[in-house]
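Subject: Structure handover

Hello,

Here is the structure I promised to pass on. My notes on it follow below.

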Amino acid sequence: MQRMPLLLFDLDNTLLPRDAAFRAWAQDFLDEHRLPAGDLSWFAAIDGGGYVPRSTVLGAAKRRYGLDHSLEFLLAHYRRGINSHIHCPAAHIQALHSARAAGWTLGIVSNGNTRAQLEKIRRTGLAPLVDGWVISEEARCVKPDPQIFEIAAERCGVPPTHEWTSHTWMVGDHAPADIAGAEVTGLRSVWLHHGRPWAEDGYRPTLSAAGLPEAVGLVLTARNAPGSRPHQRPGSRGTFATPASSLAPRTSVADGRHPVSAAAASFPQQYATLSTARPAAPTG
Ligand SMILES: [Mg+2]
């Protein structure tokens, strides 16, 4: 059977510097309303890296500053601001081109609002650079549910049969969604640490990297060893994390059977599967 290597990416703070776009919007907001520049840290704290609902963030800002604007007005302001500031760094685009040139199929797996995430994928020019994408709202399931990764594979033209996990990697910055998701699906993973220490018990990424170009480089290098977890090598560019196999019982990824690990039993409630529906891929 022909092997179809698949490389899946998270969107926010993986392919796109989403937090930088948020800070730029927050700075504009403070300037426009003649508010203290020092409140940028307040916005960054309540933002929660994008994982706090926008209605919570904007509602809190409305109360904090006694604004007369409606929540809808603030949400529209926010969306326009994020869209005006979001971009895909040239080094990230080059990394995607390199992966494609090396024969990889590329996909995006994103938790979030369908409209907002689609706007980002299209505005930043990512759409023609990947083979497919899945967004949790339209898919009605969220990372780390293995189903969303299987949907991504299907939409990228890679049948999620019993062997697909042995030649699929997931790259992301959010441990509970991206790395635990890869773990319970049976995928190898690269965690973008962005300078943070690993803080999760029970599961670990296969590799870690400082940024997307480095992560893609590691995956392309590791491709020569499909179906097995890479081992630490002196002088390697990335940080090799403790293999998950040493932390929790699991079946071999090469078997194509989904592993069972401690991560599966420790999901936060908000990551529970919402539905088994598998709608068609987004178009346009
Ligand atoms: Mg992310």
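I start with H194. This residue is partly exposed, with 13 other C-beta atoms within 10 Å. On the scale used here, 20 or more other C-beta atoms within 10 Å of a residue's own make it buried, 12 or fewer make it exposed, and anything in between is partly exposed; the C-beta atoms are placed from the backbone. H194 sits in the loop between β5 (188–192) and β6 (207–209). Its phi is positive, near 45 degrees, and it is not a glycine.

Before the rest, two points on the source. The model is predicted, so local features need pLDDT of at least 70, side-chain atom pairs count only at pLDDT 80 or more, and totals for chains, interfaces and linings use all residues. Numbering runs from 1 along each chain as its sequence is written.

Overall picture

The protein has ten helices and seven strands. These are DSSP runs numbered from the N terminus: helices are H or I with at least four residues, strands are E with at least two. Of the 284 residues, 39% are buried. Take the contacts with a separation of 6 or more: 64% of them are between residues 24 or more positions apart. Two residues count as in contact if their C-beta atoms, placed from the backbone, lie within 7 Å.

Backbone points to check

Most residues other than glycine have a negative phi, and most peptide bonds are trans. N13 has a positive phi near 65 degrees and is not a glycine either. It lies in the loop between β1 (6–9) and α1. N13 is buried, with 20 other C-beta atoms within 10 Å. There is also a cis peptide bond, between K143 and P144, with omega about 15 degrees. P144 belongs to the loop between α7 (136–139) and α8 (146–155).

Helix α8

How many of the ten residues of α8 are buried? Nine are, so the helix is largely enclosed by the rest of the structure. They are P146, Q147, I148, F149, E150, I151, A152, A153 and R155. Their packing partners are β1, β2, β3, α7, β4 (168–172) and α9 (175–185). Just after α8 comes G157, with a positive phi of about 85 degrees.

Strand β2 and L106

L106 lies in strand β2. It is buried, with 22 other C-beta atoms within 10 Å. Its C-alpha atom is 9.2 Å from that of A153, 47 residues away along the chain. Neighbours within four places in sequence aside, L106 contacts L7, L96, A99, R100, L129, V130 and D131.

Helix α6

In α6 (residues 114–123), the buried residues are Q117, K120 and I121. Seen down the helix axis, they fall within an arc of 100 degrees, so they line one face of the helix. The arc is that of the directions from the helix axis to the C-beta atoms. These residues pack against β2 (105–110) and β3 (132–135). G125 follows α6, with a positive phi near 80 degrees.

Two packed helices are described by the angle between their axes and the distance between the axes. Here the axes are lines fitted to C-alpha atoms, for helices over the stretch in contact, and angles run from 0 to 180 degrees between N-to-C directions.

α3 (residues 54–65) packs on α4 (residues 71–85) at about 115 degrees, with the axes 10 Å apart. That makes the two roughly perpendicular. Angles under 35 degrees count as roughly parallel, over 145 as roughly antiparallel, 65 to 115 as roughly perpendicular and the rest as oblique. R54, S55, L58, G59 and K62 of α3 meet L71, L74, L75 and Y78 of α4. These residues divide into five nonpolar, two polar and two charged. Ala, Val, Leu, Ile, Met, Phe, Trp, Tyr, Cys and Pro count as nonpolar, Asp, Glu, Lys and Arg as charged, and the others, Gly among them, as polar.

α1 (residues 18–32) packs on α4 at about 125 degrees, with the axes 8 Å apart. The pair is therefore oblique. This crossing is right-handed. A21, F22, A24, W25 and D28 of α1 meet Y78, G81, I82 and H85 of α4. The tally is six nonpolar, two polar and one charged.

Best wishes

How values were computed: A crossing is left-handed if the near helix is turned anticlockwise from the far one by less than a right angle, and right-handed if clockwise.
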